[in-house]
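Morning, everyone. I have one structure to walk through today. Please keep the sequence and the model in view.

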Amino acid sequence: MTANPRIVVGVDGSPASEQALRWAVDYANAVGGTIDAISAWEYPAFYGWGGTRVPAEVYNPEELAGKTLSESVAKVVGDDPGVRISESVMPGNAAGALLQAAKGAALLVVGSRGRGGFSGVLLGSVSRHVTEHAPCPVVVVREGQVAAESE
């Protein structure tokens, strides 16, 4: 593994993504890595239908994604994460943004919060897509999974 490996982690404010971030920080501390925390945003499919748009000062998905990302990072790592963490908000769908960010990374970490009757067995759509197409190894942290504590 390279010195100071770059670890990309998807953060959307969900408990699963916060667990993925916690896992990534623990791993980065163990290997001397850095974290790129990524949040994606896109306008909802209905945005602008019928000629009406919600003013940006009322609903700005990029700003909302950035706020959610910052709040999640602060919640998970507090004031001293022990590793360098950069936060990036990228336009587009989550899977596409994570795959773009993972180019040249040592590892991609995502949370899985699959829906439906088999949520405990299946991956969610984003985690499944990135495991199939990522340019680097992928770790999927399942919701409810506890990261190993370091001594």
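First, the ground rules. This is a predicted model, where local features need pLDDT of at least 70, side-chain atom pairs count only at pLDDT 80 or more, and totals for chains, interfaces and linings use all residues. Residues are numbered from 1 along each chain as its sequence is written, and side-chain values use heavy atoms, with hydrogens and water left out.

Now the layout. The protein has 4 helices and 5 strands. Helices here are DSSP runs of H or I with at least four residues, strands are runs of E with at least two, and both are numbered from the N terminus. Along the sequence the pattern reads β-α-β-α-β-α-β-α-β. Of the 151 residues, 36% are buried. Buried means under 20% relative accessible area, exposed means over 50%, and partly exposed lies in between, with a 1.4 Å probe and protein chains only. Next, contacts, meaning heavy atoms within 4.5 Å. Take those with a separation of 6 or more: residues 24 or more positions apart account for 75% of them.

On to helix H1, residues 15–31. Does its length agree with expectation or disagree? The expected span is 1.5 Å times one less than the number of residues. For the 17 residues of H1 that should be 24 Å, and the end C-alpha atoms are 24 Å apart, so the two agree. Buried residues in H1 include Ala16, Ala20, Leu21, Ala24, Val25 and Ala28. Ser17, Glu18 and Gln19 are buried as well. What do the buried residues of H1 pack against? Strands S1 (6–10), S2 (34–41), S3 (85–91), S4 (107–112) and S5 (138–142), plus helix H2 (61–77). Just after H1, Gly32 takes a positive phi of about 75°.

Now helix pairs. Two packed helices are described by the angle between their axes and the distance between the axes. Axes are lines fitted to C-alpha atoms, for helices over the stretch in contact, and angles run from 0 to 180 degrees between N-to-C directions.

The axes of H1 and H2 come within 10 Å and cross at roughly 55°. H1 and H2 are therefore oblique to each other. For the cut-offs: under 35 degrees is roughly parallel, over 145 roughly antiparallel, 65 to 115 roughly perpendicular, and the rest oblique. In H1, Glu18, Leu21, Arg22 and Val25 meet Ser72, Val73, Lys75, Val76 and Val77 in H2. That contact divides into 5 nonpolar, 1 polar and 3 charged residues. Nonpolar covers Ala, Val, Leu, Ile, Met, Phe, Trp, Tyr, Cys and Pro; charged covers Asp, Glu, Lys and Arg; the others, Gly among them, are polar.

The second pair is H3 (residues 94–101) and H4 (residues 125–133), packed at about 35° with axes 9 Å apart. Ala94, Ala95, Leu98 and Leu99 in H3 meet Val126, His129, Val130 and His133 in H4. By class, that contact has 6 nonpolar, 2 polar and no charged residues.

Last, two residues. Ser127 sits in H4. At 1% relative accessibility, Ser127 counts as buried. Leaving out residues up to four places away in sequence, Ser127 touches Val110, Gly111, Ser112 and Val140.

Ala101 is in H3. Ala101 is buried too, at 12% relative accessible area. With the neighbours up to four places away left out, Ala101 touches Arg6, Val8, Ile38 and Met90. Ala101 and Ile38 are 63 residues apart in sequence, yet 7.7 Å apart in space, C-alpha to C-alpha.
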